[in-house]
Amino acid sequence: KQWYQRRVRGNLKLKFPDDVEDILLLRSINDVNRPKFLSHDIPLFEGILSDLFPGIEQPTPDYDVFIKAAQSICAEKNLQLTDSFTEKLIQTYEMMIVRHGFMMVGEPFAGKTVVIDCLAEM
């Protein structure tokens, strides 16, 4: 588990060599762990991160190009790109970058297959 953290942190450092190390570490912890939590656990996780990194604001990643591609693909597939679907697309994409393999679980008709199909076309 810790080597994932180092790998993500190393990838971020290569991509953003001039950024502050604390922000890169915070982002790597966030990127690796947030998609694993249920929605009611997110505030607790954010509280722990704010205790570990007091006063550090994590910059919001720019997903404009990603969202435009998602809008195009959803229009082709006659799908609505809602906020929750966009969030799941981004979370799944970030998980794919970090992990060699993962499993999507959830209720029937929750959109798991559609998320993977949309990402496959990006």
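Predicted model: local features only at pLDDT ≥ 70, side-chain atom pairs only at ≥ 80, totals over all residues.
A helix, as the term is used here, is a DSSP run of at least four residues, and helices are numbered from the N terminus.

**Packing of helices H5 and H6**

- Two packed helices are described by the angle between their axes and the distance between the axes.
- Helix H5 covers residues 83–98 and helix H6 covers residues 112–121; their axes are 10 Å apart and form an angle of about 65 degrees.
- Angles of 65 to 115 degrees count as roughly perpendicular, and H5 and H6 are therefore roughly perpendicular to each other.
- The crossing in which H5 passes H6 is right-handed.

- In sequence, Glu87 and Pro35 are 52 residues apart, whereas in space their C-alpha atoms are 10.0 Å apart.

**Salt bridges**

- A search of the whole structure finds two salt bridges.
- One of them joins the side chains of Glu46 and Arg34, with an N to O distance of 3.0 Å.
- This pair links distant parts of the chain, twelve residues apart: Glu46 belongs to helix H3, and Arg34 to the loop between helix H2 (21–33) and H3.
- Glu46 is partly exposed, with a relative accessible area of 38%, and Arg34 also counts as partly exposed, at 22% relative accessibility.
- Glu121 forms a salt bridge with Lys77, and the closest N and O atoms of this pair are 3.0 Å apart.
- Here too, distant parts of the chain are linked: Glu121 is in helix H6 and Lys77 is in the loop between helix H4 (64–76) and H5, 44 residues apart.
- Glu121 has a relative accessible area of 43% and is partly exposed; Lys77, with a relative accessible area of 32%, is partly exposed as well.

**Nonpolar surface patch**

- Leu44, Ile48 and Leu52 make a nonpolar surface patch of about 320 Å².
- Ile48 is placed in helix H3, which comprises residues 42–52.
- The relative accessibility of Ile48 is 44%, so Ile48 counts as partly exposed.

Methods:
Residues numbered from 1 in each chain as written. Heavy atoms only, no water. Patch = residues over 30% accessible without salt bridge, like charges linked within 9 Å, V, L, I, M, F, W, Y side chains within 5 Å. Areas by Shrake-Rupley, 256 points an atom, 1.4 Å probe, with all protein chains shown as cover. Salt bridge = Lys/Arg side-chain N within 4 Å of Asp/Glu carboxyl O. Helix = DSSP H or I, 4+ residues; strand = E, 2+ residues; numbered from the N terminus. Buried < 20%, exposed > 50% of the residue type's maximum accessible area, 1.4 Å probe, protein only. Axes fitted to C-alpha atoms, helices over the stretch in contact; angles between N-to-C directions. Parallel < 35°, antiparallel > 145°, perpendicular 65-115°, else oblique. Left-handed = near helix turned anticlockwise from the far one by under 90°.
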